[in-house]
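Here's a quick briefing to keep beside the model while you click around. Have the viewer open and follow along topic by topic.

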Amino acid sequence: MSKKQTAEAQQTRDRIAGDSVFGYAALPGIADEMLDTQGNVRPVWQHLLTTIGKMDETELANRFARADRYLRDAGVFYRAYGAKDSSERSWPLSHIPVLIADAEWQAVSRGLVQRVELLERIAADIYGSNRLVAEGFLPPSLVASNPEFLRPMVGVQPADGHFLHFCSFEIGRGPDGNWWVLSDRTEAPSGAGFALENRVATTRAFSDVYAETHVHRLAGFFSAFRDELQSRKKHPDDRIAVLTPGVANETYFEHAYIARYLGFMLLEGEDLTVVDGRVMVRTVAGLKSIGVLWRRLDASFADPLELNQSSHIGTPGIVEALRSGSLSIVNSLGSGILETRAFLAFMPTICRHLLGEDLLLPSIATWWCGQQPEREQVAHNIEKMVIGPAYSTRPFFDDNGQSVLGSSLRDTAKASIADWLSTDGAKLVGQEVVTLSTTPAWVNGKLTPRPMSLRVYAARTLNGWKIMPGGFARIGSGADAAAIAMQAGGSAADVWIVSEKPVERTTLLPAEESFTRNMPGSLPSRAADNLFWLGRYIERAEGALRILRAWHGRFAESADPGIPLLKDVTEYLEALDIDTKEPVPASLLANINSALFSASNIRDRFSADGWLALNDLAKTARKFQATVQAGDDATHAMTILLRKLAGFAGLVHENMYRFTGWRFLSIGRYLERGLHMTRLLGHMSGADAPDGAYDMLLEIGDSVMTHRRRYNVNTASLTVTDLLALDPLNPRSILYQLNEIKTEVEQLPNAFSNGQMSPFYREAMRLHAGLAVMTPEAMTVEVYQQLEQDLYRLSDILAQTYLG
């Protein structure tokens, strides 16, 4: 290292260090993950801190940039909700991981296993014998009046005998250094997929440290849970699916990521139907049975027939399928009642009653104010309390301001607390104010203590409950614990559980040398619909780009939009809602955005490279809309957009597996390209075509060089028609599109049924044969108009056959 580099490194150490260890000091009276009670660095942190201390500012910035770039390229996002709308935001990674020694984590894991077993017993009682209420361990109103209690599920025994299968817990470390539970997540816990992405991103920043540290891997946790779900299928042909509320959900990215990671289908409620008590998914090959659903939507929305009648994201009949025992669901409908904040007040007593032991991992101190002694306790200690809704299912720092901090009240308000609790006590709980431990975060060029909670996951496996060795930490944006929530500006950090010995490096790949090649699963009709329209929107955008480039190229030469050719093309484009007065028309952006939306609905089937390329195309188009001028500038911009679009199309063509979904995407492109060329030829190849129309047609059809080679004459109506309409070898011709559609249709499910063609196959064959026997002389305006109508009808028949 040079003298200059040595000096920079020393400056960095001084900047980090100061007078204490790395310049980092625990906040008074608050436990810290990096420092013990004497202010010494815990052994588990020393290697990471030593490595950071040797880095200069540039190296650290480059490491953090690698992590951020990975998340950006992978398209990791969460949805933030504002007062009027929602928006996708990049995943907020806190680059410094949280390190916990394996021995300490084992104690936490034992406490969480005990807790999830207790929650299982409570759920079984609430929806079964109801002895906890009858014997006074739970107030009746906490069940009967609870919005999370689903009466139709009473007496419904889960198909596998278990109510809970995948849970999470928000835990925090108290001032005494011990861990306690802030909340239980039993409804549809989110974040496990984000924990995986946190791990990948953090290891991009600290790959050397990670390789040299015995950090427990996460893959074994997911592999064990996947094996458990596979074992619950009652029929060999049953499918496993992740049930998502849809693309508008705040954690939709994770739903798609988990489905892709584990190899499950990603479905929405509209994809499903219930037939004879069995849940079926609508696919392009007909109805297929679903045996296991990992639901990621709230239970009350799952079945509008028996639960929430206003739900538009559920499937009528789900509850009946659960009663019949034909469907296993993760977690059982109604299990969200266990998340209720007031339940924390009764957990210690119930644990001793049901398990005969104390909680190994205590809950945050909680008092339900529906009883006189508890109301008095809360009122007399209001300075130390936070008061919030009894039926809330979230910790106070994540409940969107529904809770009231006692110490923030004026004296006049404090005096009326007793009256408030007396009036509304049954709806309220008091909890001790949370003093969360801190963990190092990199803020403004130095390590800074920030409040932290951990989200930890538990999965039921073939060998009992398994706790994820890590999870992810929620890091506050400031000293206030209320700023931990993502919606409040918090960030997320990876959690490393560090062993003193080498750890097993598990993967989701099978260990056996022999294997069975699994056939691709059936394609849901909704996914096929999105793939079909993705192809159409992309091709529609390309067609518009090619016409606009040709138009602006000629406008750059003449600067007169009134010349016959430009005026004619302008009228043609106006009929398609494309305004040439806009260098980058809004309708072009709309098509690109529609393609992006279609792709977002099939994220589990879409590669990261393809998603990145499509996003880049949309971003560039938006930029051009604000900056590009008509003429040569617009011509250049259209060329750039065409190259980016071609890059996306090339990625899809080269990398996408040739399964049924590929065929629908391809059919969408061929159909739209056929329509594009049919409309153009019908408008511009007639006897009254303006001067230059044939040359422009060849340019739009990317066939100028081919025309020169194939025909020893100048452009004329017959040669252009032959090349762009009837040449089976020209990838821009109409006949080529129909030939490719016919080829793809032959491979679709049920193309033949009982020796007969499907309506879609028959129509595709008829159109292809009709055009194949045509001559250039016979291609009149009327023929093009009829062909355009036939292509639209072909699209309708496809929708009726496969997408309904």
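Strand β19 pairs with strand β20 (residues 491-498) through 4 bridges, and the two run antiparallel. Keep in mind that this is a predicted model.

**Strand β19 and its partners**

- On the β20 side, R474 has A492 as its bridge partner.
- β19 also pairs with strand β17 (residues 446-461), again antiparallel and again by 4 bridges.
- On that side, look for L454 in β17, which stands opposite A473.
- Which way do the side chains of β19 (residues 472-475) point? F472 and R474 go one way, while A473 and I475 go the other.

- R66, R69, R72, R204, K619, R622 and K623 together form a positive surface patch.
- Which helices supply at least two residues each? They are α3 (57-74) and α19 (608-627).
- R69 is one of the patch residues, and you'll find R69 in helix α3.
- R69 has a relative accessible area of 39%, so it counts as partly exposed. Patch members need over 30%, and R69 clears that cut-off because its value is 39%.

- As background, most residues other than glycine have a negative phi, and most peptide bonds are trans.
- Where is the cis peptide bond to look at? The bond from V330 to N331 is cis, with omega near -20°.
- N331 sits in the loop between β11 (328-330) and α12 (347-355).
- D702 isn't a glycine, yet its phi is positive, near 50°.
- To find D702, go to the loop between α22 (693-700) and α23 (704-710).
- N750 is another non-glycine residue with a positive phi, this one near 60°.
- The loop holding N750 runs between α25 (734-745) and β21 (752-753).
- How accessible is N750? Its relative accessible area is 47%, so N750 is partly exposed; the label "exposed" is kept for values over 50%.

Methods. Residues numbered from 1 in each chain as written. Predicted model: local features only at pLDDT ≥ 70, side-chain atom pairs only at ≥ 80, totals over all residues. Heavy atoms only, no water. Buried < 20%, exposed > 50% of the residue type's maximum accessible area, 1.4 Å probe, protein only. Pairing = 2+ DSSP bridges. Patch = residues over 30% accessible without salt bridge, like charges linked within 9 Å, V, L, I, M, F, W, Y side chains within 5 Å. Areas by Shrake-Rupley, 256 points an atom, 1.4 Å probe, with all protein chains shown as cover. Salt bridge = Lys/Arg side-chain N within 4 Å of Asp/Glu carboxyl O. Lys, Arg positive; Asp, Glu negative; His and termini not counted. Charge placed at Lys NZ, Arg CZ, Asp CG, Glu CD.
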